[in-house]
Amino acid sequence: MKIGVISDIHGNYDALIEVLKESKRENIEHLLVLGDIVGYYYHPDKILEILSEWSFDIIKGNHEKILEDLIADSSLGESIRLKYGSGHQEAINKLTRDQLRFLQGLSETKSVKFDGVSILMSHGSPWSNDFYIYPDSEKDIILKCDSKDHDFVLIGHSHYAFAIENANSILINPGSVGQSRQEGGKASWAIIDLATKSFQLKTTAYSIDKLLNETLEKDSGVVYLSEILNR
C-alpha cells in the first residue's frame, strides 16, 4: 500500500488537482494531509470537494487557526489580507457552515497506523503547529522530532521539502503543494510505501497562469502572492 503525504495546499486547486492525478498514476490508496487547506489563495471549497473523493486523514495547520481568529473577530480581516492575501476571507465566503466547523474541529497532531507502520502527523512540529523546521535547522531541533513510537514523523509549514533519518524514526517534510518556496509552478509532496517502509519526495508541475490572474484581480497589492509563484 502506498500513501500520499501532502501539506500546505493554501487554496491552490490547480496545484492539488495535478498532484492527485499523479497520485492515481502512482496507485496511492490513502492521503495524509498535514494542514493549511486555507490561506493565501482562493479555492478551499474545491479542495475539500476533491479530497472527499479520497480516503484521507487530516490535521489542522496554523492557517486554519488564523481562519478561526478571523471568524471570531472580523476586524482582523484587513491585517490578515495584507499579510496573507484574501484566502481566509474566501474560505469564509465559500465554505459551508459544516465545512468551517470541520476545519475548526481538527486536531493539531494525529497518530495513524497502517499495515504495522506507525506515522505521526504534525504541521509545524510535533509540539507546535506554528514552529518552523527547515533542512538546516539546528541538530537539537531535528533530534527533538525523533519518536520511539513511530516509524515516520511528518511535518509541513516551512514549504521546504526534506527528509532526515533519525535514530528511531524518519522525519519527512513533503514541502508545499500550493506554494513551494523552492520553485514556482512545482507542487511538492511525498509518497510512503508501507510494504518497504521507504519514501519518495515528489514534485509535480502545474500551470500558474490562472492563479496569477486571480492574484492580480483579488490581491494586486500583495505582491508576494504572485512573486512566489514565479520563483
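Predicted model: local features only at pLDDT ≥ 70, side-chain atom pairs only at ≥ 80, totals over all residues.
Which residue of β8 is the bridge partner of Val153?

**View 1. Five strands make an open sheet.** The sheet has 5 strands. Their order is β4-β5-β6-β8-β7. The pairing is mixed. Strands β4 (109-114) and β7 (161-165) form the edges. Each of these edge strands pairs on one side only. On average, neighbouring strands of the sheet are turned by 20 degrees against each other, direction ignored.

**View 2. Strands β6 and β8 run parallel.** Here β6 covers residues 152-154, and β8 covers residues 170-174. The two strands are joined by 3 bridges. The opening question is settled here: Leu171 in β8 is the bridge partner of Val153.

**View 3. Helix α3 packs with helix α4.** Helix α3 spans residues 62-72, and helix α4 spans residues 77-84. The packing angle is about 155 degrees. The two axes lie 10 Å apart. Because angles over 145 degrees count as roughly antiparallel, α3 is roughly antiparallel to α4. The crossing of the two helices is left-handed.

**View 4. Residues from both helices make the α3–α4 contact.** From α3 come His63, Ile66 and Leu70. From α4 come Gly77, Ile80 and Tyr84.

Technical notes. Residues numbered from 1 in each chain as written. Heavy atoms only, no water. Pairing = 2+ DSSP bridges. Helix = DSSP H or I, 4+ residues; strand = E, 2+ residues; numbered from the N terminus. Axes fitted to C-alpha atoms, helices over the stretch in contact; angles between N-to-C directions. Parallel < 35°, antiparallel > 145°, perpendicular 65-115°, else oblique. Left-handed = near helix turned anticlockwise from the far one by under 90°. Contact = heavy atoms within 4.5 Å.
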